[in-house]
Amino acid sequence: MEWALHTISRYFPFVTVLGRMARFFLDAAAAVFTPKFYTVKMLEQMQRMCVH
Amino acid sequence: MIPVLFVLGPMGAVVAMESLKVFSIFGASGMTSSLLSVALFRELAPVLVSVMVASQTGAEIAAELGAMRVREQIDAMEVMSVDPFKALIVPRLLAGLFITPVLTLVGNFTGILGGYIIAVMVKGSNGGAYIGNLFVWLNMMDVMGGVIKAAIFGLLIMVISCYHGFYAHGGAAGVGQATNDSVVHSVVSILVMNYFLTTAFFGFNI
């Protein structure tokens, strides 16, 4: 039992980070479906990624 | 794009060199390109290109967003009622989603070219057999599987990098820590996710 609790407490921050990251992704996914869409900014980022 | 070329070209050359050695024992040196194309399209190109994207673009994005957070530029955007998710995060996520497969396709052909240079020009293997056997074992599922994997990896890299940059704290040291975390977490996630995606796409139909 002690070992199990210790393991959970040790890896709990990792689970929390995954949860936060999932929420972050959902917020970003929700922002995609908005009327004002930043296409030019996306193309700028694509260009930066290619130029590197 | 240039680092992708410099990574995949030598990688294709090395795979061609090693497989040529083994295939020559069995008198099947012409099959070198078949092995190389399957290995590149399925595994090597998506993974290596994604690692390069994570180490270049991911690190840059985490540092950029982290610096904006530390300098309170993101807070200023929120004060001006500009949604930072729409202005900063979404364009980067979509750019990573679309560009990583393109870079993967470029990397595929660079690797095949590197293999051709070594197998045909240096080692003297038959050039016609190299070209002819290039797509013998390769089917559309291999190509599409690699492209879909690259798209998922691109999205994963951008989510991790943007997350670490967006929530960076602690001044200049915090920005450095966020950049470090983004690269480490991205590369580990790519390699772990690659196992599951390979199992899902190719594990039941070898």
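Let me start with chain B, which reads α-α-α-α-α-α-α along its sequence. The C-alpha trace of chain B spans about 70 × 35 × 20 Å along its principal axes.

Some ground rules. This is a predicted model, where local features need pLDDT of at least 70, side-chain atom pairs count only at pLDDT 80 or more, and totals for chains, interfaces and linings use all residues. Residues are numbered from 1 along each chain as its sequence is written, chains are lettered from A and ligands numbered from 1 in the order in which they are written, and side-chain values use heavy atoms, with hydrogens and water left out.

Now the interface. How many residues of chain A are in contact with chain B? The count is 22 residues of chain A against 31 residues of chain B, with contact meaning heavy atoms within 4.5 Å. About 2400 Å² is buried between the two chains, and carbon and sulfur atoms give 76% of that. Buried area here is the accessible area (1.4 Å probe) that two parts lose on being put together, summed over both.

Next, charges. A salt bridge is a side-chain nitrogen of Lys or Arg within 4 Å of a carboxyl oxygen of Asp or Glu. The rule gives six salt bridges over all chains. Across the interface of chain A and chain B it finds two. B:Glu60 pairs with A:Arg48, with the closest N and O atoms 2.0 Å apart. B:Glu60 sits in helix α2 (residues 32–70) of chain B and A:Arg48 in helix α2 of chain A, so this pair joins two chains. A:Arg48 also meets B:Glu64 in a salt bridge, at 3.3 Å, N to O.

Which elements of chain A supply at least two residues each to the side that touches chain B? They are α1 and α2 (39–51). The largest share, nine residues, comes from α1(A). By class, this side of chain A has 14 nonpolar, three polar and five charged residues. For the classes, Ala, Val, Leu, Ile, Met, Phe, Trp, Tyr, Cys and Pro are nonpolar, Asp, Glu, Lys and Arg are charged, and the others, Gly among them, are polar.

On to pockets. The search runs on a 1 Å grid over the protein atoms alone; a pocket is an open set of points where a 1.4 Å probe fits, with protein on both sides within 12 Å along at least five of seven lines, and lining residues have an atom within 4 Å of a point. Volume is the space filled by probe spheres set on the points, which are joined across faces, edges and corners.

The largest pocket holds about 450 Å³. Its lining has 17 residues, and A:Leu18, A:Met21, B:Leu156, B:Ile160 and B:Ser189 lie nearest the centre. α1 (2–32) of chain A, plus α6 (140–166) and α7 (171–202) of chain B, each supply at least two lining residues. The lining classes are 15 nonpolar, two polar and no charged.

The second largest pocket has about 310 Å³. Among its 15 lining residues, B:Tyr163, B:His164, B:Tyr167, B:Ala168 and B:His169 lie nearest the centre. α1(A) gives the largest share of this lining, five residues. Here the classes are seven nonpolar, four polar and four charged.

Conventions: Helices (H or I, at least four residues) and strands (E, at least two) are DSSP runs, numbered from the N terminus.
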